[in-house]
Amino acid sequence: MSFNWQVTSLQKDSDGGVYTAHIYCSKTETINGVEYLADFGYTLSFEPDPTSADFIPYENLTEEIILGWAHTGDGDPKTDVERMVEADLAQIRAAPAPAALPW
């Protein structure tokens, strides 16, 4: 299954500039007949400048634009987050199957 990326909330200033975005990445996988969810959420901070030619006011933003911001930056943040989520699932895959409950 693929990764699910979402923007869960935004905070904006009085000029309509977004200064905080809450990002969530998850992946669901069935392991030994049980569905597991691994996820990671984080917050991005911005310094919006309404005088910049690149400024996009709040009402013109889309989830794709925000995720584009989240997936760029120092290093490769999208790949880094997906590796963390995948590492959680790898631990589940490697763990011994839990014992059935006696009742």
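Which strand is serine 26 found in? Serine 26 belongs to strand E2, residues 18-31. Strands here are DSSP runs of at least two residues (E), helices are runs of at least four (H or I), and both are numbered from the N terminus.

Before we go on, a word on the model. It is a predicted one, where local features need pLDDT of at least 70 and side-chain atom pairs count only at pLDDT 80 or more, while totals for chains, interfaces and linings use all residues. Residues are numbered from 1 along each chain as its sequence is written, and side-chain values use heavy atoms, with hydrogens and water left out.

Back to our serine. Serine 26 is buried, at a relative accessible area of 6%; buried means under 20%, exposed over 50%, and partly exposed in between, with a 1.4 Å probe and protein chains only. Beyond its neighbours within four places in sequence, serine 26 is in contact with residues including Phe3, Leu37 and Val85, where contact means heavy atoms within 4.5 Å. Its bridge partner in E3 is aspartate 39.

That takes us to the sheet. Three strands make an open sheet in the order E1-E2-E3, with antiparallel pairing; two strands pair if DSSP finds at least two bridges between them. E1 and E3 are at the edges with a single partner strand each, so one side of each has no neighbour in the sheet. From one strand to the next, the twist averages 15°. Angles run from 0 to 180 degrees between N-to-C directions, and axes are lines fitted to C-alpha atoms, for helices over the stretch in contact.

Let's look at E2 and E3 together. They are joined by 12 bridges, with E3 covering residues 34-45, and glutamate 29 stands opposite tyrosine 36 in E3. The two strands form a hairpin with two residues between them, and asparagine 32 in the turn has a positive phi of about 55°.

Now the helices. H1 lies across E1, E2 and E3, running at about 95° to E1. H2 packs on the sheet and touches E1, E2 and E3, its direction making about 30° with that of E2.

What is inside? The largest nonpolar core has 16 residues, and Trp5, Ile23, Tyr42 and Ile66 have the most contacts inside it. Such a core is a set of buried Ala, Val, Leu, Ile, Met, Phe, Trp, Tyr and Cys residues joined through side-chain atoms within 4.5 Å. Strand E1 (4-12), E2, E3, H1 and helix H2 (77-94) each supply at least two residues of this core, and the largest share, four residues, comes from E2.

On to the rings. Rings of Phe, Tyr and Trp (its six-membered ring) pair if their centres lie within 6.5 Å; planes under 30 degrees apart count as stacked, over 60 as edge-to-face and the rest as tilted. By this rule there are two aromatic pairs. Phenylalanine 40 and tyrosine 42 have ring centres 5.7 Å apart and planes at 35°, so this pair is tilted. For phenylalanine 46 and tryptophan 69 the centres are 5.1 Å apart and the planes at 65°, so that pair is edge-to-face. Phenylalanine 46 lies in the loop between E3 and helix H1 (63-70), and tryptophan 69 in H1, so the pair ties together parts 23 residues apart in sequence.

Last, a charge: the charged end of lysine 27 sits over the ring of phenylalanine 3, 4.8 Å from its centre. The rule asks for NZ of Lys or CZ of Arg within 6 Å of the ring centre and within 35 degrees of the ring normal.
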